Each structure stands twice: as structure tokens, then as C-alpha cells.
Amino acid sequence: MMYPLSFAGDGFDRSAEEREQADVIYTQAEARSIALWRGKPLVEGGRLVRLPVDHEIFEDKGDCIYLGRPEGQPLFATDISKWEPADIEDAALGAFLDDSRQIHPLLPSEQGFIDMRAMLTVLDPFEADVAATAKAVLEWQRSHGYCAKCGHKTEAVKGGWQRSCSACGAQHFPRTDPVVIMMVERNDRVLVGRGATWPERMYSVLAGFVEPGETIEAAVRREVFEETSITVGEVHYAASQSWPFPSSLMIGCTAVATSDDIRIDPEELADAKWLTREELASVFSGEHPEVAPPRKGPIAGRLLANWLAATDD
């Protein structure tokens, strides 16, 4: 069973060697930009909309980064979060899954800003890679406007991939937060949990941030124990996935538990349980009474699907 995996393509031509010349490239007639509003990319159908960099929509732009030449053409990503839609749905914007769509008055109605979680299986791997990169770096730009060393305001340089402090000379670069996400098994059962703020019936494999000084294996064991009191022995790497919410790298692992009794940390989880292979099959078929099928796109579904499809051969 092959479950779709979003934000995990083979990458694209980022043209890092051209970042010093990004300001000049921006003035070229063939330069295009994708637009993001509050982290939501502008899309039409299953593709990112590529607009001329001098389009009216960019007149009141925020941060801008040079993505490179994904298709041989200079491409930027521009934040237009200063724009205020006439009918903002605050409840939808703050929801776990934002299904609202914003349409800019200067653009055709077929084009809209859509939350990337809703686009997990709509964008093809190439488009998803571009969108994930744009969202992650623009989020970093938005949240790192001041020097972490002296507190002075910083300036974006090198096509938006670096911020420089003129006061103390410090240079700041985008960071990716490593997260372990693990399919824990024991005696032909798999461990799943549900976050306190998640929708009802939504369960997943466990996950957590890697702490300074930790190996991946140590992080897996610590996170599983902290959340469920389950101890883990053997750990193996499975796959990885970029996760731009806001800028993580999901490090998918499989692990073998060495204990059975679950005692959840209520600050981490609302519930956790073991599922047999038969029960997990009913989850994927949509027939389980307590657990909904995993969403297509996140690596959690891939890990569970691969475990379910495995045999003892």
C-alpha cells in the first residue's frame, strides 16, 4: 500500500549562487513571483499562480525571497499579508484545518489563497516543494526581523536567505526544526495517539521535536516515554518529509516498544491506544468506530500504511 506523501519531492533548482544578484534578477522581464497571504499560497486548480513581479497585487508587499529557477525562469515568493480581505473568517483562519478561501479583487475568481494543509494532495510534488520552501522562508523572515544577539533591526540580504545586523555584524540564516515522528509497534499492534486540540476521531502516530544534544534514536525514545510511558528499544529511520508548519523536517522512524501499559501525559495527549492489524485495516477502510482514516499527505499515514501492508515473509 503506497500512501501519498506531500512536500517530499526531489527538490528544484534553487540557484543559490545567484542570490547575491537577486535584486538585479527581480528587474528582469521574465521574472515571476508566487504570492502568499498569511502563509496561504495563491493557487488555481492544482498549480501555484506565477505573476509578473510588477503586478499590482505586489504594490503593498512585505518580505520577498528569491526561490531560484524551478522551471528555468526566475521565480520569487512575495508575502502580501498586509492586504486585508473584506470578509475575513477569523474562526476558519484559526482552525486546525482552514477551509476558507480568500480571493483578491485584482485577480480572477478562479485564483485564491488556500491553506497548504488543504492542498496536501492537490499540488503535485514539484509544486508542493516550491510552496513549502516559500512558506517556510517567508515565515522565518516574518519572525526574525530583529537580531537575536543585540536586538537591532536586521536587513534581508542574498535574496531573502540571510538577515544581516548592521549594529553588531551578526548574520542570521533560516533554520529547520527537526521532528521525529515514529510508528511504534509491539506484538503485532501499533501505537496511536490524539492531540488535545485535534478533531474528534483524529489519531496519528506520535511525534516530537528533537532537543539539543540528542540523536534521532534518543529523541524517539524520550518522546514516546514522555507522552505515553511506553519504553522503546530498537529504532530505525524510514523516510523524511518537509513540513512547513512553520518550518520543520519530519524524520520518520519505526520503533519497537518494550512495554505495554499506556499512561498518557494529559498536557501532550488526549488519548492513546494500541491498534491491532485488523483494527488498523478498519481504520483505513473508514469502518473503525473511534478512529478516522489518516489524512493523505502527511508522513504519519505512509508509516501506518507501510506497517499494515508488511508481512512476515
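Let me start with helix H5, residues 277-284, where Arg277, Leu280, Ser282, Val283 and Phe284 are buried. Buried here means under 20% relative accessible area, with exposed over 50% and partly exposed in between, using a 1.4 Å probe and protein chains only. Helices are DSSP runs of H or I with at least four residues, strands are runs of E with at least two, and both are numbered from the N terminus.

Before I go on: this is a predicted model, in which local features need pLDDT of at least 70, side-chain atom pairs count only at pLDDT 80 or more, and totals for chains, interfaces and linings use all residues. Residues are numbered from 1 along each chain as its sequence is written, and side-chain values use heavy atoms, with hydrogens and water left out.

Back to H5. What covers its buried residues includes strand S13 (189-194), strand S17 (271-276) and helix H6 (299-309); contact means heavy atoms within 4.5 Å. Just after H5, Gly286 has a positive phi of about 80°.

Next, the aromatics. There are seven aromatic pairs in the structure. Rings of Phe, Tyr and Trp (for Trp, the six-membered ring) pair if their centres lie within 6.5 Å; planes under 30 degrees apart count as stacked, over 60 as edge-to-face, and the rest as tilted. One of the pairs is Tyr26 with Phe76, edge-to-face, at 5.0 Å centre to centre and 85° between the planes. This pair links distant parts of the chain, since Tyr26 is in helix H1 (residues 22-26) and Phe76 is in strand S6 (residues 75-79), 50 residues apart. Tyr26 counts as buried because its relative accessibility is 19%; Phe76 counts as buried at 3%.

Trp37 and Trp83 also form an edge-to-face pair, at 5.8 Å centre to centre with 65° between the planes. Here Trp37 lies in strand S1 (residues 32-37) and Trp83 in the loop between S6 and helix H2 (90-93), 46 residues apart. Both Trp37 and Trp83 are buried.

Phe7, Trp243 and Phe245 make up one aromatic cluster. Arg117 lies over the face of Phe245, 4.3 Å from the ring centre. The criterion is NZ of Lys or CZ of Arg within 6 Å of the ring centre and within 35 degrees of the ring normal. Arg189 lies over the face of Trp274, at 4.7 Å from the ring centre.

Last, a sheet. Three strands form an open sheet in the order S9-S10-S11, with antiparallel pairing; strands pair if DSSP finds at least two bridges between them. Strand S9 (154-157) and strand S11 (171-172) are at the edges, each with a single partner strand, so one side of each has no neighbour in the sheet. Two bridges join S10 (residues 162-165) to S11, and Arg163 stands opposite His172 in S11.
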